[in-house]
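Here is a short report for a first look at this structure.

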Amino acid sequence: MINPNNHDFHIIGHRLCPYVQQVVIILKELQIPYERTDIILSEKPDWFLKLSPLQQVPVLVINDEIILFESKVILEFLNDLTKNTLHPASTIDRAIHRSWSEIGSKILTIIAHIIYHDQSKSSFEISAQKIRNLLTLIGKECPEYLIRQKSALYMIDVIFSTIFRYLNVFNDATGYAFLDQDTLIYEWQQDLMKNQSVQEAVPDNYHELLAIFAHQQNSFIGTQISKSVPQKPKLPRG
Ligand SMILES: N[C@@H](CCC(=O)N[C@@H](CS)C(=O)NCC(=O)O)C(=O)O
């Protein structure tokens, strides 16, 4: 069994990537020491192209020799290291938990569509409505104990915290209500975003960086987020 305190963990990421955030949140939650290197996705360095089989982040490098890729695999590895503390205890609950986490993966795919492809307000709204519908479904069908406040973060919390971070920015920029207040999901969002590991998984200027990144994709949301950032910053490409 790998003891994280006796091994070097090095995460290769990108400042905004939600999948990288998930790994970083778990590393922080579990107090596993790690080193982090962020790359620019549009200018991937040669060492990264050689290292990452799918040329995507996150990649976890252990002891400069073992390469793990795909966020779910890395998260499950970290969970195994810590004796399954990121999932509920019973087998059936774990399966239910994983099923609902897949809705989170689906929402992240729609968010990527919004950032990269939705060029008009109407196409943004079609995608936003799909997210709203999925969140409403979770509020109705997902067992409450999976998302009610618990003593520690579960994997499902980690996945959804990265979603809620985006939705907060999208809401500020467009006024679109992805969630209704006074609902369980709304409370869940509020609780998760207060979490220190969730807050620290992105740079302090996340909002500005996301504005620049999304603007570079020529999408509707990019323009809206740029307008909502108080001062147009001059920051490096990301
Ligand atoms: N299924 C992958 C998805 C990771 C992913 O999409 N990463 C994006 C950044 S958020 C990436 O590296 N994209 C490569 C690129 O934009 O060239 C995982 O879960 O690790």
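## Around the ligand

This is a predicted model. Ten names make up the list around the ligand: His14, Cys17, Tyr19, Leu41, Gln56, Val57, Pro58, Glu70, Ser71 and Lys72. How does this shell divide by residue type? Five of its residues are nonpolar, three are polar and two are charged.

## A parallel pair of strands

Strand 1 covers residues 9–13, and strand 2 covers residues 35–38. The two pair in the parallel sense, over four bridges. Within this pair, Gly13 stands opposite Asp38 of strand 2.

## The whole protein

Now the wider view. The protein has 11 helices and four strands. Its radius of gyration is 18 Å, close to the 18 Å that the globule rule gives for 238 residues, so the protein is as compact as a globular protein of that length. The C-alpha trace spans about 50 × 45 × 25 Å along its principal axes.

## Burial and contacts

How much of the protein counts as buried? The share is 34% of the 238 residues.

Contacts can also be sorted by separation along the chain. Take those in the protein between residues at least 6 apart in sequence. Of these, 72% join residues at least 24 apart.

Conventions. Residues are numbered from 1 along each chain as its sequence is written. This is a predicted model: local features need pLDDT of at least 70, side-chain atom pairs count only at pLDDT 80 or more; totals for chains, interfaces and linings use all residues. A residue is near a molecule or strand if its C-beta atom, placed from the backbone, lies within 6 Å of it. Ala, Val, Leu, Ile, Met, Phe, Trp, Tyr, Cys and Pro count as nonpolar, Asp, Glu, Lys and Arg as charged, and the others, Gly among them, as polar. Two strands pair if DSSP finds at least two bridges between them. The radius of gyration is taken over C-alpha atoms; the globule rule is 2.2 Å times the number of residues to the power 0.38. A residue is buried if 20 or more other C-beta atoms lie within 10 Å of its own, exposed if 12 or fewer, and partly exposed in between; C-beta atoms are placed from the backbone. Two residues are in contact if their C-beta atoms, placed from the backbone, lie within 7 Å.
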